[in-house]
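This report describes one protein chain, its fold elements and its surface. The sequence and structure come first.

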Amino acid sequence: MALWSLFKDLHAGTTTWGIKVRIVRLYKQSYSKNATDEGSMDLVLHDESGD
């Protein structure tokens, strides 16, 4: 069994994966002008095959 899985090999039936990725883009969103409010962080990921 390989140590790292590619994105194309992942499926919903498995609950644990080992993936090695690079973060290509990172976006932080806040939902209000209050600094204490929750927001989100969106990532664009890239694996070694380009997916």
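## Fold and model basis

The chain has zero helices and two strands; helices (H or I, at least four residues) and strands (E, at least two) are DSSP runs, numbered from the N terminus. The model is predicted: local features need pLDDT of at least 70 and side-chain atom pairs count only at pLDDT 80 or more, while totals for chains, interfaces and linings use all residues. Residues are numbered from 1 along each chain as its sequence is written, and side-chain values use heavy atoms, with hydrogens and water left out.

## Burial and contacts

Of the 51 residues, 4% count as buried. Buried means under 20% relative accessible area, exposed over 50%, and partly exposed in between (1.4 Å probe, protein chains only).

Among contacts (heavy atoms within 4.5 Å) in the chain with a separation of 6 or more, 24% join residues 24 or more positions apart.

Leu 3 lies in the segment before β1 and counts as exposed, at 67% relative accessibility. Between Leu 3 and Lys 20, 17 residues apart in sequence, the C-alpha to C-alpha distance is 9.3 Å.

## Nonpolar surface

Accessible areas come from the Shrake-Rupley method with a 1.4 Å probe; for residues, only the protein chains shown count as cover.

Trp 17, Ile 19, Val 21, Ile 23, Leu 26, Met 41, Leu 43 and Leu 45 make a nonpolar patch of about 700 Å². Such patches take residues with over 30% relative accessible area and no salt bridge, nonpolar side chains (Val, Leu, Ile, Met, Phe, Trp, Tyr) being joined within 5 Å; a salt bridge is a side-chain nitrogen of Lys or Arg within 4 Å of a carboxyl oxygen of Asp or Glu. β1 (22-30) and β2 (39-46) each supply at least two residues of the patch, and β2 gives the most, with three. Leu 26, in strand β1, is partly exposed at 45% relative accessible area.

Methods: Patches are made of residues with over 30% relative accessible area and no salt bridge: like charges are joined within 9 Å, nonpolar side chains (Val, Leu, Ile, Met, Phe, Trp, Tyr) within 5 Å.
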